[in-house]
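Welcome to this tour! Open your viewer, switch to a cartoon view, and follow along stop by stop.

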Amino acid sequence: MNIRDYLFIRKAKYSNKIKILDVLGFETDTTIIQTPDIIKEMDNIRMTSELEMVDVEIESAQIGQELVATNENLFDTPNQDNLNLNTETFVPLNITSQIKKIWTDLEIRRKWVFPAFLTITTVGIISFASIFYINMRNTNIQNETTAVSISKETNENINQISELLSVATNPFYSRYDVSNASANLQIIEASLLQYQENIENRDISDKENVISSLNLLFDIVKKLDKLFTYRIMHSEILIYEETLIINEDTNIDTLAAELSLIGAKSTLNAETLPNLDEFKDHKEIVNSALITAQDLHGRLVASLRNNENEVAMTLISAIELNKESEIAFLNNTLKLFNENYENILENIGELP
């Protein structure tokens with residue numbers, strides 16, 4: 001029987017001692033002798049055992065604190081003074097718990113971070129593709145609507161070119177009609193420019209022919225604009241009105257001044273006539289008529305001063321005939337211009 005069994009039996013009641021001895025394998029009739037010396041010795045043994053157990057617990061607590069301190073300083077950067085520590089004092093560190101923690105974090109990350117990332121990425125790609133598709137579809141619809149609107153407006157303006165051509169080539173000159181037609185022509189030109197810009201982004205099967213038609217329309221618009229200017233400038237060349245009405249009350253000096261002013265104004269306007277291939281011959285006729293008119297003006301004034309009334313009347317007829325010849329040539333040129341470009345407009349047709 002060892003000391004632990006003895007202490008256990010000693011603490012038990014007397015009535016239970018027999019049972020305890022029987023369990024431990026002793027005979028039940030064994031008599032336990034408790035002398036003072038034995039009891040004192042047992043108390044000393046018990047105190048020594050308790051002290052040893054306390055020492056063991058204290059030593060275990062110190063070792064635990066050292067391990068905790070060592071783990072906390074595991075990832076700290078050592079000072080330069082501690083780099084030369086003796087290798088004999090190195091104690092292997094237990095990093096199993098930290099590796100387990102890192103591995104656990106990776107497992108958690110693998111379980112929900114990667115799927116979440118893939119889900120967010122997939123949703124983002126699908127959303128971006130959907131928005132891009134919707135925007136492209138809306139843009140295409142808007143472009144198509146804009147193209148249809150521009151085409152419709154341009155064709156309506158093209159149909160007005162024939163009317164403007166008629167105004168520009170009408171033998172009867174009206175300053176009001178020509179001014180309005182010139183303003184409308186600027187609107188048509190702006191519409192053609194808008195159509196030309198829009199057609200660059202459109203897919204048209206016969207795009208080359210459309211571009212060729214546009215070039216013809218631009219050429220017609222450009223020439224009509226010059227023709228309107230031509231008619232405005234020409235309207236101030238050799239315009240006599242009532243100046244050639246001669247009677248007994250006519251002041252020769254006043255008549256001479258008026259004829260001189262008409263000649264100077266006509267020469268100035270003739271120099272500003274725009275250059276048109278179709279009106280090149282007429283421009284030469286105008287210059288010739290101006291030279292003839294200057295000569296006839298001087299001869300008319302001289303005949304009036306000499307009281308040569310019959311000669312004066314003949315000169316007045318020559319002056320009027322000179323203007324009528326120039327006007328007749330202009331009307332023929334206008335008619336040819338109208339017929340030529342009217343046929344071109346009919347061949348162009350509507351733009352797609």
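Helices here are DSSP runs of H or I with at least four residues, and strands are runs of E with at least two, numbered from the N terminus. Keep in mind that this is a predicted model.

**Stop 1: the whole chain.** Colour by secondary structure. The protein chain has ten helices and zero strands, so its elements read α-α-α-α-α-α-α-α-α-α from the N terminus on. Of its 352 residues, 26% count as buried. Look also at the contacts between residues at least 6 apart in sequence: 74% of them join residues at least 24 apart.

**Stop 2: a helix pair.** Select residues 252–271, which form helix 8, and residues 280–305, which form helix 9. How are two packed helices described? By the angle between their axes and the distance between the axes. For this pair the angle is about 170° and the axes are 10 Å apart. Angles over 145 degrees count as roughly antiparallel, and therefore helix 8 is roughly antiparallel to helix 9. Now show side chains at the contact: helix 8 contributes residues including Leu255, Leu259 and Ala264, while helix 9 contributes residues including Val286, Leu290 and His297. The residues of this contact divide into eleven nonpolar, six polar and three charged.

Stop 3: Select residues 161–168. Which residues of helix 5 are buried? They are Ile161, Leu164, Leu165 and Ala168.

**Stop 4: Asn322.** Move on to helix 10, residues 309–348, and pick out Asn322. Is Asn322 buried or exposed? Its relative accessibility is 13%, so Asn322 counts as buried. Leaving aside neighbours within four places in sequence, Asn322 is in contact with Leu238, Ala289, Thr292 and Ala293. Its side chain reaches the backbone oxygen of Ala289 at 2.9 Å. Try the distance tool on Ile285, too: it is 37 residues from Asn322 along the chain, and their C-alpha atoms are separated by 10.0 Å.

Stop 5: From Asn322, step across to its contact Leu238, which is in the loop between helix 7 (207–234) and helix 8. Leu238 has a positive phi of about 55° although it is not a glycine, and it is buried, with a relative accessible area of 2%. Then select Glu241, found in the loop between helix 7 and helix 8. Glu241 also has a positive phi of about 55° without being a glycine, but Glu241 is exposed, with a relative accessible area of 75%.

Note on methods: Residues are numbered from 1 along each chain as its sequence is written. This is a predicted model: local features need pLDDT of at least 70, side-chain atom pairs count only at pLDDT 80 or more; totals for chains, interfaces and linings use all residues. Side-chain values use heavy atoms; hydrogens and water are left out. Axes are lines fitted to C-alpha atoms, for helices over the stretch in contact, and angles run from 0 to 180 degrees between N-to-C directions. Angles under 35 degrees count as roughly parallel, over 145 as roughly antiparallel, 65 to 115 as roughly perpendicular and the rest as oblique. Contact means heavy atoms within 4.5 Å. Ala, Val, Leu, Ile, Met, Phe, Trp, Tyr, Cys and Pro count as nonpolar, Asp, Glu, Lys and Arg as charged, and the others, Gly among them, as polar. Buried means under 20% relative accessible area, exposed over 50%, partly exposed in between (1.4 Å probe, protein chains only). A polar contact is a pair of N or O atoms within 3.5 Å; within protein, one must be able to donate a hydrogen and the other to accept it, and residues adjacent in sequence count only if both atoms are side-chain atoms.
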